[in-house]
Amino acid sequence: MLEFIEELKKEHRSIKNRLLKVKHLGVHTMEGRNALMETKQLLTMHLEKEDRELLKQLLGPFHDEMKKISEFCSEFFAKYAVGGGGIEFFRDFAELYRLLESRIQKEETILFAEYEEFYALPISA
């Protein structure tokens with residue numbers, strides 16, 4: 001199970017790096033929009049994997065918060081899929097980054113530890 005956690009952490013780093021690239025390029029450019037859509041694909045697959053493999057077992061008090069973050073991500077990518085920019089984009093992007101940073105921090109410090117502990121327990125017959 002440690003391999004799974006390391007895979008998720010690697011994806012976290014990749015998502016953060018891609019978001020920073022989008023921020024640098026801006027969605028007003030074709031390159032920026034392409035980077036945004038690539039990030040959307042990676043983030044969507046990542047969130048689905050976490051929901052399916054990790055969070056369904058461990059969410060508990062985090063369920064509503066994690067669901068809201070996933071919804072905000074979907075709304076953000078839908079809103080900026082065809083472009084956009086200006087102050088509204090930077091405000092929304094800052095919120096997206098803040099939410100993901102918070103989620104990643106909680107996953108890596110709380111949920112991943114619980115997941116590892118859960119799978120380390122012997123199975124009762």
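Modeller: Contact here means heavy atoms within 4.5 Å. The model is predicted.

Biologist: With which residues is Gly-84 in contact, leaving aside its neighbours within four places in sequence?

Modeller: Gly-84 sits in the loop between helix H3 (63–80) and helix H4 (86–120). Leaving aside neighbours within four places in sequence, the residues in contact with Gly-84 are Val-27 and His-28.

Biologist: Is Gly-84 buried, partly exposed or exposed?

Modeller: Buried means under 20% relative accessible area and exposed means over 50%, with partly exposed in between. The relative accessible area of Gly-84 is 40%, so this residue is partly exposed.

Biologist: How far apart in space are Gly-84 and Arg-33, C-alpha to C-alpha?

Modeller: In sequence, Gly-84 and Arg-33 are 51 residues apart. In space, C-alpha to C-alpha, the distance between Gly-84 and Arg-33 is 9.2 Å.

Biologist: What order do the elements of the protein chain follow from the N terminus on?

Modeller: The protein chain has 4 helices and 0 strands. From the N terminus on, the elements therefore run α-α-α-α.

Biologist: What share of the contacts with a separation of 6 or more is between residues 24 or more positions apart?

Modeller: The count takes contacts in the protein chain with a separation of 6 or more. Of these, the share from residues 24 or more positions apart is 75%.

Biologist: What percentage of the residues in the protein chain is buried?

Modeller: The protein chain exposes about 7,600 Å², and carbon and sulfur atoms supply 56% of that area. The chain has 125 residues, and the buried percentage is 38%.

Biologist: Which side chain makes a polar contact with the side chain of His-46?

Modeller: His-46 lies in helix H2 (residues 30–58). His-46 has 3% relative accessibility, and because buried means under 20%, His-46 counts as buried. Not counting residues up to four places away in sequence, His-46 touches Leu-8, Glu-11, His-12, Ile-15 and Glu-107. The polar contact, at 3.2 Å, is with the side chain of His-12.

Biologist: Which side chain makes a polar contact with that of Glu-107?

Modeller: Glu-107 is found in helix H4. Its relative accessible area is 1%, so Glu-107 is buried. Leaving aside neighbours within four places in sequence, Glu-107 is in contact with His-12, His-46, Glu-50, Met-66 and Phe-112. The polar contact of the Glu-107 side chain, at 2.7 Å, is with the side chain of Arg-103.

Biologist: Which elements give two or more residues to the lining of the largest cavity?

Modeller: The structure holds 1 cavity of 30 Å³ or more. The lining of the largest cavity includes His-12, His-46, Arg-103 and Glu-107. The elements that give two or more residues to this lining are helix H1 (2–25), H2 and H4.

Biologist: What distance separates the C-alpha atoms of Asp-51 and Lys-67?

Modeller: Asp-51 has its place in helix H2. At 36% relative accessibility, Asp-51 counts as partly exposed. Asp-51 and Lys-67 are 16 residues apart along the chain, and the distance between their C-alpha atoms is 9.3 Å.

Key:
Residues numbered from 1 in each chain as written. Predicted model: local features only at pLDDT ≥ 70, side-chain atom pairs only at ≥ 80, totals over all residues. Heavy atoms only, no water. Buried < 20%, exposed > 50% of the residue type's maximum accessible area, 1.4 Å probe, protein only. Polar contact = N/O pair within 3.5 Å; in protein donor to acceptor, adjacent residues only side chain to side chain. Areas by Shrake-Rupley, 256 points an atom, 1.4 Å probe, with all protein chains shown as cover. 1 Å grid on protein atoms, 1.4 Å probe; cavity = no way out; pocket = protein on both sides within 12 Å on 5 of 7 lines; lining within 4 Å. Points joined across faces, edges and corners; volume = space filled by probe spheres on them.
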